[in-house]
Amino acid sequence: MATASPTSLESAPRILRLVSECSRSRARAGELRLPHGRVATPVFMPVGTQATMKGITAEQLDALGCRICLGNTYHLGLRPGPELIQKAHGLHGFMNWPHNLLTDSGGFQMVSLVSLSEVTEEGVRFRSPFNGDETLLSPERSVEIQNALGSDIIMQLDDVVSSTVTGPRVEEAMYRSIRWLDRCIAAHQQPEKQNLFAIIQGGLDADLRATCLEEMTKRDVPGFAIGGLSGGESKDQFWRMVVLSTSRLPKDKPRYLMGVGYATDLVVCVALGCDMFDCVFPTRTARFGSALVPTGNLQLKKRQFQKDFRSIDPECACPTCQKHSRAFLHALLHSDNTAALHHLTVHNIAYQLQLMGTIRTSIMEKRFPDFVRDFMRTMYGDPTLYPTWATEALASVGITLS
Amino acid sequence: MKLSLTKVANGCRLGKIKNLGKTGDGSMDIPGCLLYTKTGSAPHLTHHTLQKIHGVPAMAQLTLSSLAEHHEVLTEYKEGVGKFIGMPEFLLYCSLHDPVRPCPAGYVTNKSVSVWGVGGRVEMTASRFMAIQQALQPDWFQCLSDGEASCAEPTSIKRARKSVDRSLLFLDHCLRLQEESEVLQKSTIIGVIEGGDVLEERLRSARETAKRPVGGFLLDGFQGNPATLETRLNLLSSVTAELPEDKPRLISGVGRPDEVLECIERGVDLFESFFPYQVTERGCALTFSFDYQPNPEETLLQQNGTQEEIKCVDQTKKIKTTSCNQEMTSFEINLKEKKYQEDFDPLVRGCSCYCCENHTRAYIHHLLVTSELLAGVLLMIHNFEHYFGFFHSIREALKSDRLALLKELIRRQAS
């Protein structure tokens, strides 16, 4: 990482090296330099909530080419707790993951998972679902836990409101998130080892979001996340907020769009200028028997696959597609052997990573807009079936879908 | 197929079965075990993770109970179950039932036997049974048989006699059908020894079955709790004495290390590996030592460790799991216990399995407490490798005439 001069305004390390930019859209290909190695961008980060990528081993995840994945501070903070993880040489040591980790702050779970949580200026007060103990997750406490976890990228604690909320609460949360960002920066004990990202809030209000962008970009952080989206809002409002955010975020720092993982959303948001994404969708849907393919998904438990002896995707290089047919997976999914779920988890992660790799290559080879057109045609078939929001979003950055 | 014995000592047979499989290149060491599968896959494991295990047996056990309902699919597939399940490199043995899941009794008739799949009961006459085997094309398969004499305790002589009569009729019928099937010429029928706990019937079953051109013998109905096994072990010696030396003897439902040794001493060659699966399902890890020749320094360290663990597992603990009401044995530790929360040792010091080389007891404990799928994966890897290592040590001990040492070591760890 670049050494910082104490007097410079911009002393945060530049962890993103841009390799190529699309001349039409805002898409960029780059490389993140993190303590646990380099990560090619744009990147999709699978979510391994509780120090495990569900049923697949660290070695399998590494073999798929994953170089960064997520852990959740809320979950790990409760079980097994930061002290134990620290004894285990951090989250990397505890789960024996040699590559990069990103932990979120616990903010989102506080609100989405815990019915009895209360937000004050201090932090989020909540009750543990496991032992009923009352705890306060403050910006300081969140950073403290993440320092113990030792993840390569840590997130500020933000005041999260659902994107469907309107009114003064949104403004309150936005300003509070700025104040909490400052508290996180002050509390962060390991800036040389862990990169603290800010999270832009402001809901679906352009003015609020613009204010947040203006203020947070004054802070000296290595990266920015676009938060408060990917909830229940319409795609129409969603993309406009993404575009606004990437307009105002510095070019030389990574843009992390939180909670986005559907293929179309990934492609469009890369076009809009985002570099990093995370989502539980691919791994979660795998455990329900759904395999991701370029044309959508295959619900392999359905009867139509009973005698389908083809692999999930003939173009896919993952171990599942190399060895198994849809028919076998169908039979296995109807048994109680968990191996079925793991086969699909492997494939879906491979699908996501392969997609990002293809996107990246097309940017580097200066044919990203063509790639986008091919992608949409494959996914939706007829142009009349293209989602309007995607067409409009892409058009806003110079990519027309004929 | 050719079974060559290199040594027979105190009833134990050490040797090799050669010329196995469709190409005739396969071989298996005996005494040995088969890889346990559920619906054609090792439990929890993909090919990738299965490959990480050292010492995986050359032959896998498939169960008809999990595959019979896929008969139509396999028939249309045409290329056999080995290829269908993605295990073309394995030798395959198809048993009737799943040793972990005893099926409801009372469904065997003179004409048919039933197995239970996910979709319910599949009733098979000899014809249907052989048609299914034709679709599966396994290397070995257990012949259709009546295994219910041993379900009731004590067995009635009448029921024992019927189990033998029926099984022989099924065998003869299946052998006739095999003659008529070109596809099944490459598959070997394993004759099933029945007869409950009635000595005369067991002997009759053994003698009569041995007269038929079967490739090997399955000793059925010897499974049960430790108490019943003791009485059945006596029967076992009498039974194997009646069987030809040059054909393999399999036993179903026996998995505990001490019971395995008892059976080997009574002429059994091949076992299933459902036991490490049961251990996995109750969140436990096999930790028993089979190192009958440890170096002196390590002995002290390991003995201290083992002694401590034995003390804590004084009584056998009942742990209810989803798939079986099995009691925890003294051969394992329960990773759910709080004391493992901060234990950064591997499951077994010195174990070279993927789990022990990469993870700690504390991590496994965390995975179990949070009900994460990876717990089953990692425990299965370790438990299989440990169990296969045990069988390897049996063969080594027999080779060097040290089985008594191994037996004593295991006996000390049995509670």
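**The contact between chain A and chain B**

The side chains of Glu72(B) and Lys307(A) meet in a salt bridge, with 2.7 Å from N to O; the term stands for a side-chain nitrogen of Lys or Arg within 4 Å of a carboxyl oxygen of Asp or Glu. The model is a predicted one, in which local features need pLDDT of at least 70 and side-chain atom pairs count only at pLDDT 80 or more, while totals for chains, interfaces and linings use all residues. Residues are numbered from 1 along each chain as its sequence is written, chains are lettered from A in the order in which they are written, and side-chain values use heavy atoms, leaving out hydrogens and water.

Between chain A and chain B, 7 salt bridges are counted. By class, the side of chain A that touches chain B has 18 nonpolar, 15 polar and 8 charged residues; here Ala, Val, Leu, Ile, Met, Phe, Trp, Tyr, Cys and Pro count as nonpolar, Asp, Glu, Lys and Arg as charged, and the others, Gly among them, as polar.

How many residues does the contact take from each chain? Chain A gives 41 residues and chain B gives 42 residues, with contact meaning heavy atoms within 4.5 Å. The two chains, A and B, bury about 3500 Å² between them, and 62% of it lies on carbon and sulfur atoms. Buried area is the accessible area (1.4 Å probe) that two parts lose on being put together, summed over both. Of the area that chain A buries against chain B, 16% comes from Lys307(A), Phe309(A) and Lys323(A), more than from any other three residues.
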